[in-house]
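Thanks, everyone. Let me put the structure on the screen and walk you through it.

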Amino acid sequence: MTVATPRQDPHVDRPNRSGLAEVIELILDKGLVIDVFVRVSLVGIELITIDARIVVASVDTYLRFAEATNRLDLYEKGGVGLPGLVEGITESGARGKTSGVLDAAFEKVEQVFGTENDRREEARRRPQRRERS
Amino acid sequence: MAAPSEGSPQVEVACYVYGVVPASARLPEQLPGLSPGGQVSLIRTEKIAAVVEGIPLGRPLGTRAHLMGHERVLDALVDAGIAIAPMRFGAVLSDEQVVADELLTPHEEHFTALLRDLTGRTQYTLTGCYQEESVLREVIAEYPEIRELRHEISELPAEQAYHQQVRLGEMIVGVLEQKRRGDGADVLDALVPYAVDVVVREPAQADGVVDAAFLIADERREEFDEAVEECGRQLAGRVRLRLLGPVPAYDFMPGQ
């Protein structure tokens, strides 16, 4: 069923579906929510998912751009070490399924960058819903 | 119909629900599920069926193997040409009787209509991001204040430049957002005509150009694929596009 036209020098990546980060996000964030249909006989089962991935991504991206820009050899200047903040957040985020850690991380991002996006709300809500059992 | 369970007070095994398909669907053979040795099966009512697997309780869900298993089962159904309404990962009901009595039977009309809309259609997800080096050169060439800040940072010891670094990154991200509005809209304009439906998201990453899910009828897959390729050709060197699919129509489920 897959479109598998072999191409000479394709201009688009057509990755194999399996195990991709973007598929994982679809699975976790999209699709029908069973609570909408069934209220009585839900089984509470603990879900381990990494909501902090979103927080990590935004700080990480800013610093990655800053660094990459500095690395460009237009001015022949060497690279700069990665500051500690992002490492700290990454570490706690990777383990953090408690919303306390997440909220702290969100506040940190807001303080430093003053950014707001809609995924943030979604991520903040989700752990609470999942804690219900 | 499912065999009635004896409803023991302590449930040791629960019923993981992957999604809902038409009752006429036949599962592909050799369909490994979430757990090792897990048996994926159908629980049918008259018009629809739930794709389920018995899973042991008491262990958390969400390991890499679980996620891969969920994905593999749904992808196999898509590849078999079966219309499927996918559940979000982690849908667990107490037993098969509950799946039939509380999930399927009361919502049979709803699911039937949903599956009718999905028949012969699958989702493709298109993402695109700027190619870092070429777009950064563009940004630096176009914005003198970014050039100046870069120069300032280059004169500072690394450990004193943190705030300037963040500021520089933030400025660049702002410029990329402006660029995205133009480039992203061009891609969408070119592809929307091929789709039954489209869900556009803000790209999650700052270097994102486009992030959209397209619901594509089977007979237009090739045309759509060609059109995506043409977009890639036009953006070559600046933007890299990734086309993922076909996948279940995750983004087209109601209630998102």
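Start with two residues, Lys30(A) and Asp251(B): both are buried. Keep in mind that this is a predicted model. What do these two residues form? Lys30(A) makes a salt bridge with Asp251(B), and their closest N and O atoms are 3.4 Å apart. Now place them. Lys30(A) sits in the loop between α1 (21-29) and α2 of chain A, and Asp251(B) sits in the segment after β9 of chain B, so this pair joins two chains.

Stay with Asp251(B). Its side chain also meets that of Arg201(B) in a salt bridge, at 2.4 Å from N to O. Here the link is between distant parts of the chain. Asp251(B) is in the segment after β9 of chain B, while Arg201(B) is in the loop between β7 (197-200) and β8, 50 residues apart. Is Arg201(B) buried or exposed? Buried is anything under 20% relative accessible area. Arg201(B) has 16% relative accessibility, so Arg201(B) counts as buried. Asp251(B) has 5%, so Asp251(B) counts as buried too.

Glu138(B), Glu142(B), Lys179(B), Asp183(B) and Arg238(B) are joined into one network by salt bridges that share partners. How many salt bridges are there over all chains? The count comes to 17.

Glu170(B) and Arg167(B) form a salt bridge through their side chains, 3.6 Å from N to O. The two are 3 residues apart in helix α6 of chain B, so about one helical turn separates them. Glu170(B) is partly exposed, with a relative accessible area of 26%. Arg167(B) is partly exposed as well, at 43%.

Next, the nonpolar side. In soluble globular proteins, nonpolar side chains tend to be buried together. The largest nonpolar core here has 40 residues. Which of them touch the most other members? They are Leu126(B), Ile146(B), Ile172(B), Leu191(B), Phe214(B) and Phe224(B). The largest share, 9 residues, comes from α6(B).

Zoom in on Ile146(B). Leaving aside neighbours within four places in sequence, Ile146(B) contacts Val139(B), Ile140(B), Leu168(B), Met171(B), Ile172(B) and Val175(B). Another core lies apart from the largest one. This other core has 33 residues, among them Val21(B), Val78(B), Leu244(B) and Tyr250(B).

Now a helix pair. α4(B) and α5(B) pack at an angle of about 105 degrees, and their axes are 5 Å apart. That makes α4(B) roughly perpendicular to α5(B). On the α4(B) side, the contact is made by Val139(B), Ile140(B), Ala141(B) and Glu142(B). On the α5(B) side, Pro144(B), Ile146(B), Arg147(B) and Arg150(B) make it. The residues of this contact divide into 5 nonpolar, no polar and 3 charged.

Last, chain A. What is its secondary structure? Chain A comes to 5 helices and 1 strand. Along the sequence, the pattern reads β-α-α-α-α-α. Chain A has 133 residues, and 43% of them count as buried. Take the contacts in chain A with a separation of 6 or more: residues 24 or more positions apart account for 64% of those.

Key
Residues numbered from 1 in each chain as written. Chains lettered and ligands numbered in written order. Predicted model: local features only at pLDDT ≥ 70, side-chain atom pairs only at ≥ 80, totals over all residues. Heavy atoms only, no water. Core = buried A, V, L, I, M, F, W, Y, C linked by side-chain atoms within 4.5 Å. Buried < 20%, exposed > 50% of the residue type's maximum accessible area, 1.4 Å probe, protein only. Helix = DSSP H or I, 4+ residues; strand = E, 2+ residues; numbered from the N terminus. Contact = heavy atoms within 4.5 Å. Axes fitted to C-alpha atoms, helices over the stretch in contact; angles between N-to-C directions. Parallel < 35°, antiparallel > 145°, perpendicular 65-115°, else oblique. Nonpolar A, V, L, I, M, F, W, Y, C, P; charged D, E, K, R; others polar. Salt bridge = Lys/Arg side-chain N within 4 Å of Asp/Glu carboxyl O.
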